[in-house]
Amino acid sequence: MPAEPAFVIVGASLAGAKAAETLREHGFEGAVVLIGAEDQYPYERPPLSKGYLLGKDGRDSIFPLADGWYAEHDVDLRLGQTVTSIDRAGHRVTLADGQAVPYDRLLITTGASPRRLNIPGGELDGVRYLRTVGDSEQLAGTLRGGGQVVIAGGGWIGLETAAAAREYGCEVTVVEPESGVLQRALGPELGEVFADLHRSHGVTFRFGEGLSEVTGSGGAVTGAITSSGEELPADTVIIAVGVLPNVGLAADAGLEVDNGIVVDEALRTSDPDIFAAGDVANALNTLVGRRIRVEHWGNALAGGPLAARSMLGQDVTYDWVPYFFSDQYDLGMETAGLPDPGSYDEVVYRGDKDSLEFISFWLADRVVVAGMNVNVWDVNEGIQALIRSGEPVDPDRLADPDVPLTDL
Ligand SMILES: Cc1cc2nc3c(=O)[nH]c(=O)nc-3n(C[C@H](O)[C@H](O)[C@H](O)COP(=O)(O)OP(=O)(O)OC[C@H]3O[C@@H](n4cnc5c(N)ncnc54)[C@H](O)[C@@H]3O)c2cc1C
């Protein structure tokens with residue numbers, strides 16, 4: 001590399017911004033170019049389905065770095081610019097306006113986009129997706145007016161928007177093809193806790209059904225037809241059926257892509273000068289022992305900086321404990337580990353599940369593989385330490401709130 005190398009980051013959101021910050025924090029003096037398709041300073045998305053959507057938190061709450069930070073740290077932030085191709089041999093990327101930007105090392109943090117539901121009526125006014133700050137503002141405007149809301153998808157975004165819609169006074173029905181909510185994220189035992197929470201706030205569920213059509217009149221939504229053929233009245237239909245990683249650039253450039261951009265434990269792609277992090281990366285996690293693609297805030301927060309250090313030639317390893325949080329109504333929770341079905345054979349509770357103040361642990365052969373603290377705070381690090389240890393624990397002691405997590 002030249003004495004003053006240029007590092008280019010494609011995708012100016014959380015992972016990209018935190019990578020740029022880390023490069024400067026670690027004394028990198030070469031050029032840092034951060035290119036983002038959105039016409040916004042890099043921002044965090046979790047508030048978009050929570051406090052920001054509800055109008056409780058202002059715009060200032062969504063930015064991980066102050067607007068002035070980029071110029072102060074000589075980061076060439078190019079907003080509203082889409083990278084259209086990567087020329088690996090020539091070591092440069094091309095923007096939509098034809099400009100070429102040379103790089104010595106490149107980081108791809110292009111994130112993910114909502115999976116579209118291509119059903120009749122899917123383009124009607126009143127059908128909403130939620131990914132950007134503009135989407136959140138538009139949705140808030142809609143929900144503020146009340147009315148009937150049908151949500152396709154009982155995952156995190158579906159449930160958080162259901163909670164927000166109820167707080168706005170809307171009537172809410174969630175249509176979910178699986179037999180419960182959050183089945184793939186938490187499994188059936190804890191999924192039911194969240195379904196009950198929403199039922200207690202007046203949300204109706206239609207399990208085992210998908211959305212097959214949106215009906216309308218004069219271009220506006222009037223209803224949603226489920227796979228059972230029934231039409232539910234609706235003013236707003238929120239489509240929350242997951243996201244797809246934005247891999248087009250990487251795939252076109254011939255990088256290895258398989259459910260995301262494939263990277264090793266140092267977040268390096270099949271090209272040694274190109275790295276990937278955040279939602280778009282399918283990364284080898286040495287703690288979990290396999291490649292994982294994580295669509296969570298904590299992964300972008302940890303992965304962007306890790307990739308930056310890897311670009312600097314530091315010896316880094318992606319051994320992060322998967323972490324996720326959610327807020328719905330008065331429930332706040334954090335989850336560590338991956339409690340997906342098939343990964344555990346027992347669930348142990350510490351505290352009262354019905355009072356919604358508890359910790360749940362998912363165990364495989366008595367080893368804690370994941371844990372979730374619900375309305376219990378300052379314990380997630382302890383849960384992460386248990387997961388990291390990989391040692392079997394006594395389930396009775398695990399369930400006993402008088403036994404500190406550090407003594408198990
Ligand atoms: C509404 C909402 C609520 C969420 N709530 C939570 C939560 O409670 N807890 C949690 O853990 N996680 C949550 N998440 C997930 C979390 O926000 C994501 O994991 C995180 O945003 C991923 O960051 P990222 O930087 O990898 O990608 P993204 O945030 O997806 O950003 C990628 C950026 O790259 C840009 N880009 C893409 N292609 C190009 C290109 N060719 N050229 C230039 N720029 C490009 C995109 O426009 C985008 O700005 C939520 C997500 C959403 C949408």
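Modeller: Helices and strands here are runs assigned by DSSP, a helix having at least four residues and a strand at least two, and they are numbered from the N terminus. The model is predicted. The strand to look at is β26, residues 367-374.

Strand β25 covers residues 357-364, and the loop between β25 and β26 holds Asp-365. The backbone angle phi of Asp-365 is positive, near 50 degrees, although the residue is not a glycine. Is Asp-365 buried or exposed? Its relative accessible area is 65%. Asp-365 therefore counts as exposed, because the cut-off for that word is over 50%.

Rolling a probe the size of a water molecule over the atoms shows where empty space is left. In this model, the second largest pocket has a volume of about 220 Å³. Which element gives the most to the lining of this pocket? It is strand β26, with three residues.

The lining as a whole has 13 residues. Nearest the centre of the pocket lie Leu-287, Val-288, Leu-338, Val-369 and Ile-387. Val-369 has a number that falls within the range 367-374 of β26. By residue type, the lining is made of eight nonpolar, three polar and two charged residues.

Now leave the strand at its other end. Helix α9 spans residues 380-389, and Asn-375 sits in the loop between β26 and α9. Ile-387, already named among the residues nearest the centre of the pocket, has a number inside the range of α9. Asn-375 also has a positive phi, near 50 degrees, and it too is a residue other than glycine.

How exposed is Asn-375? Its relative accessible area is 22%.

To put the part together: β26 gives three residues to the lining of the second largest pocket. Asp-365, in the loop between β25 and β26, is exposed.

Methods: Residues numbered from 1 in each chain as written. Predicted model: local features only at pLDDT ≥ 70, side-chain atom pairs only at ≥ 80, totals over all residues. Heavy atoms only, no water. 1 Å grid on protein atoms, 1.4 Å probe; cavity = no way out; pocket = protein on both sides within 12 Å on 5 of 7 lines; lining within 4 Å. Points joined across faces, edges and corners; volume = space filled by probe spheres on them. Nonpolar A, V, L, I, M, F, W, Y, C, P; charged D, E, K, R; others polar. Buried < 20%, exposed > 50% of the residue type's maximum accessible area, 1.4 Å probe, protein only.
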